[in-house]
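Q: Could you take a close look at the salt bridges in this chain, and tell me which parts they link and how exposed their partners are?

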Amino acid sequence: MLKLLAVFTLLALAGCDDDAVNNESNGSGNGNGNGDIINPAPKSCMSLITDEYQCLPDKVIGRSGQRIHIPLTGNIKEGMSFNWATTEVEGITTPIFMSDKNGAYVILPRTTNDTTLTLNVEGKLGSVHDSASIPIDVTGAETLILNGINLISMNTDGLVVTEWLPAVNAQGDYANDVLYSLNVTKLVDGKPSNDSRTFQTANLSESIDVEFGALYRFVLSAEDDKGNVTYSEHIDYLVSEQQPELQDIITNTTKKMPDPASLELYSLVDDNGALKIVRETKNGDHYYDNAMAHEIYKVTAPLKVTMRLKELEPEEITAHFQRQAKQYNDDTNSFSIIPPTSQDNAKNKIHNIEKLCKKLEFNQPIFDTFEGSMCTSPSKSLICTNDYTLSPKLTAKAECTLNNNFEVKLESKSKFELNQLYVYWPGTNMIKKIGGNKYFEAIELGLGTRIGAKLDIKYPLKIAIGFKSNASVTGNVSFKMGNWLPALNIDVSSNSKDIFKPLSNSWQEILEFPNYSRPAEMGLELKLGVFPRISIGENLNIEAEAAGKLALKNKFQLIKPVGQINAPAINVMPLFTTVDGAIDANGVGSASVDLSKVFPSLSEHFKGTVETETPSLNLYTHPKKVTFDIEQQYACSGKYTYHNDTPILTQTAFGPLNKGDSYGNGWWRDEVITVPNKGDIALKSFNIYGPGAKLMDAGYNGSSIGITYTDIMNKQVQEATLLYEFIKPGSLLQKAFPIYAVDKYKINGGVDTSQAPWVCWGNGYRTVKKSESITLTLQEAANLSVL
């Protein structure tokens, strides 16, 4: 095998026009004109269709707390989807984007200092992905913290009641002298119309007369005593066709209940003070069951409720805890907020280090302990919206959007394999008691936010890893009661950009080197997202998951150390080379509901769980092979005179060596090794290590390496270790999967006094040229000297 060296590849993970941005003070889209847009540049555009573009403005400028609309222009077609998110900025809550067909609305984040955010928009059309990025310049201002509209419902008088939490100041107190403005705009064909009204109040609720069956956009803002205005995310609310109505109740005055077959489906019957409802079997037969609180409303005139909760900021948590998380029943609103607590999740020994980090410890019978931490960002943003339709045909629809950075650090004390490690961070719970009659005091609706992660991991050796992952996820879950069985559905979308970012140049550190001859293979699957909880009454609970999934595999070969010259204990070689690897990302979602406590007879027929998964996007595929084109020439080296009378005839290729002829004591060698760029792997650099390095004249230019040295037979052997470094052209994963190919050159033949000094002569002085092309797997290239 020709003497070659190894290849090292460092791979790392990574990212139209309009003349004005729509800066809105209300839902009408007219704006307040305080934002500017600069002419678009190519980086602000993406292309999901050949030769067609979808473009953002080149730049957005606005004020802290301002509500703006960022347009997306160009050829926007059916089937395209866009994920909007900003990169994390320390000390600033990541904003939430409310997208529509023409762009997205955003409330610029609260900051007292001028700052610049980077907006990343990922577009998808089938299997085509592209992205665009622009800066958002935010002018700092001292603004209030406004959680936004928390409840919208229609009362039995036909008025839409809107409620919200009090605004909080930077000191963590409820703000005084706040003027709230609620703008209500009718949407026609999904766009704001001229039918727009603004209501101002110092209270925390407003009752509004609206048109039945119409769609309205509600936008809430808060103005402090200095005139600073803060906006919150809008809610689009579809008004019922009529005001909610309670069902008529049949009172049974006999000992025997009426035949259910004689009554209409969902009829309510009072049976000695207990409320019964007529249900239907799979075959259409009627039977009695205990009625639930939400079933007191007519199917044709249900009670519709929208609940919205944005995860509380630290100042809001402080303010609510100061009020002891009590119900804010000051005659202006009627719901309860329970802020996050410091309770730990006992599963798998997860403990709080602080509010944002979880300490991970795990023991298995076969393997030793691993430990580490998983942290969520203080800049996270999470918002969940639930729409309820309360009647026997109950529906519950929830949409949650999360933008969060996670940091994962793990260190194993031996090889380990772990399935389904769950990590949850305490979230906020919101409870609304609404409606009711003499049979039920009220209908209790609950919405809980919770950020979490699920981890599956397999490592065959002691190792430490560390990386960040950004999860920008939107999930939709729906539950709908049919005549017999309910339907449960889940949908999810997620980002792929920045879902894997090493914490340092080497995101994994090998702590022990058990085997240099066989490759080791690891696998990691991490789901990061939001895990909301929805409750209706005491016993009907829906658990959901909407997450971005990172799937990473990494197969690597350990590299034997080479000592530094004059300091042999100092290893100058990389620790390992990657022989295979991949990163894939997609969105995953699941939802489950337990009917055993509410519909025992149906639970055996209803699966109760639904899952979904978006098509996987390959973020990185490791090169499989590398090709070496080798040009070698060699000739006899050294000129010494042969003085013996007896000719040497043992090497016929050289001819005879006669007295007076010249002979050489070794070989001059010159090699040019070229690595052709085949698109997925290319030469970056190379080095030579070990004591033999000083005997070699070597260098590289572009894709070629040149090596010249003299191999003397009767001289002490010197070993040189050659290391080739490669890159994957255009890869977004430059530092995640190092690749090396290593070769050992043994120069000189070794001291042997029994060997004759003549090695070559005659025709041996003629330069011989050879050429060869070889293609190797990366595992073969990792140890060329054994091939």
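A: Let's start with Lys 298 and Glu 245, whose side chains meet in a salt bridge at 3.0 Å, N to O, in what is a predicted model. Lys 298 sits in the loop between strand S24 (286-290) and strand S25 (303-310), while Glu 245 sits in the loop between strand S20 (235-238) and strand S21 (249-251), so the pair ties together parts that are 53 residues apart in sequence. With a relative accessibility of 25%, Lys 298 counts as partly exposed. Glu 245, at 30%, counts as partly exposed too.

Another pair to look at is Asp 580 with Lys 553, where the closest N and O atoms are 4.0 Å apart. Lys 553 is partly exposed, its relative accessible area being 38%.

Salt bridges can share partners here as well: Arg 110, Glu 313 and Glu 315 are joined that way into one network.

Now turn to Glu 163 and Lys 432, whose side chains form a salt bridge of 3.3 Å, N to O. Glu 163 belongs to strand S14 (residues 159-164) and Lys 432 to strand S33 (residues 429-434), so placed that the pair links distant parts of the chain, 269 residues apart. Both Glu 163 and Lys 432 are buried.

As for confidence, the chain averages a pLDDT of 84, and 88% of the residues score at least 70.

Note on methods:
Residues numbered from 1 in each chain as written. Predicted model: local features only at pLDDT ≥ 70, side-chain atom pairs only at ≥ 80, totals over all residues. Heavy atoms only, no water. pLDDT = per-residue confidence, 0-100. Helix = DSSP H or I, 4+ residues; strand = E, 2+ residues; numbered from the N terminus. Buried < 20%, exposed > 50% of the residue type's maximum accessible area, 1.4 Å probe, protein only.
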